[in-house]
Amino acid sequence: MASIHLKNIEKKYGAFVGVQNMSLEIADEEFLVLLGPSGCGKTTTMRMIAGLEEPTDGQIVIGGEVVNEIDARDRDVAMVFQGYALYPNMSIYENIRFPLRMRGIPASEHDARIRKAAEMVELGSFLERKPGALSGGQRQRAALARAVVRQPQVFLMDEPLSNLDAKLRQSMRVQIKHMQRQLKVTTVYVTHDQIEAMTLADRIVIMNKGAIQQVGTPDQIYSDPSNTFVAGFIGSPPMNLIEGTARNGSFEAPGVSAPCPDYVRGKVTLGIRPEDCQVGGSDVQGMVYGVEPTGDTTYLTVLAGTKKIEVKTARDYRSDIDVAIGITFDPSHLYFFGEDSLRIRGPHDPKV
Amino acid sequence: MAKARKTRGESLILRYVVLGGWALVCLLPILWFLSIGFRPRTEVITPQPIYWPTLSLDAWHLLMSDWPIVRYLRNSVVAVAGSVVIDLVLAIPAAYALARYEFRGREDIGFYILSTRMMAPAIVAVPIFFLFKTMGLLDSVWALMLIYAAINLSLVTWIIRSYMLDIPKELEDAARTDGAGDLTILREIIVPACLPGIITAAVIAAIFAINEFLFTLLIASTSNAYTMSVALANFTGGSDGIIYNAIALVSFIAFVPILILVILIQKHLSRGLTMGAVKG
């Protein structure tokens with residue numbers, strides 16, 4: 001078990017900057033999720049922690065030891081890959097055994113440890129099969145077993161669920177979280193799926209274009225986004241972001257007119273989550289663009305000017321399209337962002 | 001609907017007729033010399049074709065009693081098998097380095113290796129003859145083994161490299177984080193994963209080596225080191241003039257091992273031969 005400390009990490013590929021000046025402390029036993037769109041540097045960051053890529057600059061410290069010069073094979077780090085990366089010529093048993101053999105663990109211990117790891121991921125009856133004879137979910141569990149079998153200091157998981165179907169993803173998610181709590185191993189998990197990030201993480205790191213956008217607990221990230229990127233990335237559907245002008249305590253945009261604090265002035269972006277909007281009232285005056293029932297709730301899209309605003313409504317809400325409609329914003333859940341896309345905070349807001 | 005199906009059925013029959021006809025054209029020479037090999041000498045040279053010859057094992061008995069066919073076959077097998085082993089031992093690590101390691105001049109070195117295949121062999125024939133003469137390796141099966149290995153090394157390297165490029169890099173990353181070093185990764189992950197490619201390369205190299213003629217003729221100055229290909233060319237049937245039925249039979253015997261090898265790998269052969277066509 002170990003903490004991980006990234007100090008001013010930088011990764012450049014020629015002129016392209018993959019990761020820029022990134023500093024991050026990951027506590028012992030923490031489940032940290034790196035979240036961001038593809039190409040944001042999250043996988044590169046993870047590969048640097050694994051030792052598969054060398055940082056151009058900066059220091060990586062694992063368990064108090066600077067590991068920049070230590071080869072991947074000698075870092076006590078286990079990694080689970082997006083494509084599972086099971087060795088096709090070996091049985092599942094041999095796959096799980098491989099890291100034990102490589103690390104010179106006495107052969108007498110192998111069998112018990114392999115069976116325990118397989119048990120943990122409920123894979124006991126497939127040990128003699130080759131990876132090709134398993135389903136995607138079983139392969140992913142085999143890959144997990146291979147990671148846990150040698151009890152590493154750190155788990156690294158690179159989008160391990162992205163090749164699975166939605167239902168399997170949900171059950172594997174719970175399994176991964178349960179396992180991490182059980183084993184108490186520091187875990188770094190990379191994903192572009194915000195639901196995975198919200199459900200799994202102790203803390204989320206949101207990255208974009210090689211830089212950290214915000215670090216915080218899922219609650220902080222959701223309720224206190226520090227810029228428009230984070231606001232628009234988290235939530236499903238994401239936060240409505242409406243560009244307009246604020247003057248004298250009022251925010252104006254085509255079809256939108258809402259109260260705002262006095263310190264918000266000039267060109268700003270208003271953010272409001274779909275669940276903080278209500279049908280009725282006159283903050284927004286627009287037309288119904290579409291209604292999407294999902295069973296437990298109904299999403300309503302309202303066209304105000306040229307802007308589409310998502311509203312979460314009651315499950316039995318129904319309407320025809322092109323009907324005039326008014327929407328009210330919950331004034332206590334309005335967010336304002338300046339032209340630099342950063343959050344505009346009032347004098348009394350807590351600093352994050 | 002019915003019409004469409006009928007058209008389809010007709011085109012299927014047509015397809016079989018055309019392909020069957022072409023197969024016959026291709027097979028005819030082989031069947032023809034097989035039939036020559038098993039007819040008596042008197043029926044080989046006649047003004048009129050004989051469509052239903054008498055079956056005779058004369059040529060077979062002549063070969064077995066009068067001609068060291070077993071030695072030639074053994075020379076072929078030893079030289080070819082040895083050369084393939086040498087090729088694989090050298091080519092697998094080279095292909096891995098070319099496929100995976102980043103180093104300056106990697107593409108140039110890869111191309112240089114391939115370019116050794118581009119020159120006409122006759123250009124180096126004389127220097128190679130003197131080289132082997134100086135080393136005292138003339139007339140030896142071991143020399144043939146080295147020559148064949150050298151001729152095929154570039155091709156074997158490139159075929160194996162193309163297969164290695166297809167192995168997901170994730171597999172190696174996984175092995176590395178699991179604690180494996182380069183050689184372990186090569187031995188336990190890469191080689192098993194590209195085994196079809198290695199087998200294909202080995203068989204293609206074997207076919208080229210079996211058919212090799214020029215250098216074998218140069219190096220094997222006496223029948224001690226003759227392989228089937230050179231022995232066949234020198235074979236006239238002995239002191240009794242040219243014995244065509246025996247020549248035909250020897251040709252067929254020389255042809256069988258290649259046929260077997262090709263059938264074994266035909267699934268992979270086209271890929272091996274066209275490798276580099278899609279990506280380099």
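This briefing describes the contact between two chains and the two strand sheets of chain A. The structure is a predicted model. In it, 15 residues of chain B are in contact with 17 residues of chain A. Chain A holds an open sheet of 6 strands with mixed pairing, and an open sheet of 4 strands with antiparallel pairing.

**Contact between the chains**

- On the side of chain B that touches chain A, the elements giving two or more residues are α7 (169–177) and α8 (182–193) of chain B.
- The largest share of this side, 6 residues, is supplied by α7(B).
- Sorted by class, the side of chain B that touches chain A comprises 7 nonpolar, 4 polar and 4 charged residues.

**The six-strand sheet of chain A**

- The strands follow the order β6-β7-β8-β3-β9-β10.
- At the edges stand β6 (77–80) and β10 (211–216) of chain A; each has a single partner strand, so one side of each is left without a neighbour in the sheet.
- On average, neighbouring strands of this sheet are turned by 20° against each other, direction ignored.
- Within the sheet, β3 (residues 31–35) and β9 (residues 203–208) of chain A pair in the parallel sense over 4 bridges.
- Opposite A:L35 stands A:I206 in β9(A).

**The four-strand sheet of chain A**

- Here the order of strands is β2-β1-β4-β5.
- β2 (16–26) and β5 (65–66) of chain A are the edge strands, and each pairs on one side only.
- Strands β1 (residues 4–13) and β4 (residues 57–62) of chain A are joined in the antiparallel sense over 5 bridges.
- A:I4 has A:I62 in β4(A) standing opposite.

Technical notes: Residues are numbered from 1 along each chain as its sequence is written. Chains are lettered from A and ligands numbered from 1 in the order in which they are written. This is a predicted model: local features need pLDDT of at least 70, side-chain atom pairs count only at pLDDT 80 or more; totals for chains, interfaces and linings use all residues. Two residues are in contact if their C-beta atoms, placed from the backbone, lie within 7 Å. Ala, Val, Leu, Ile, Met, Phe, Trp, Tyr, Cys and Pro count as nonpolar, Asp, Glu, Lys and Arg as charged, and the others, Gly among them, as polar. Two strands pair if DSSP finds at least two bridges between them. Axes are lines fitted to C-alpha atoms, for helices over the stretch in contact, and angles run from 0 to 180 degrees between N-to-C directions.
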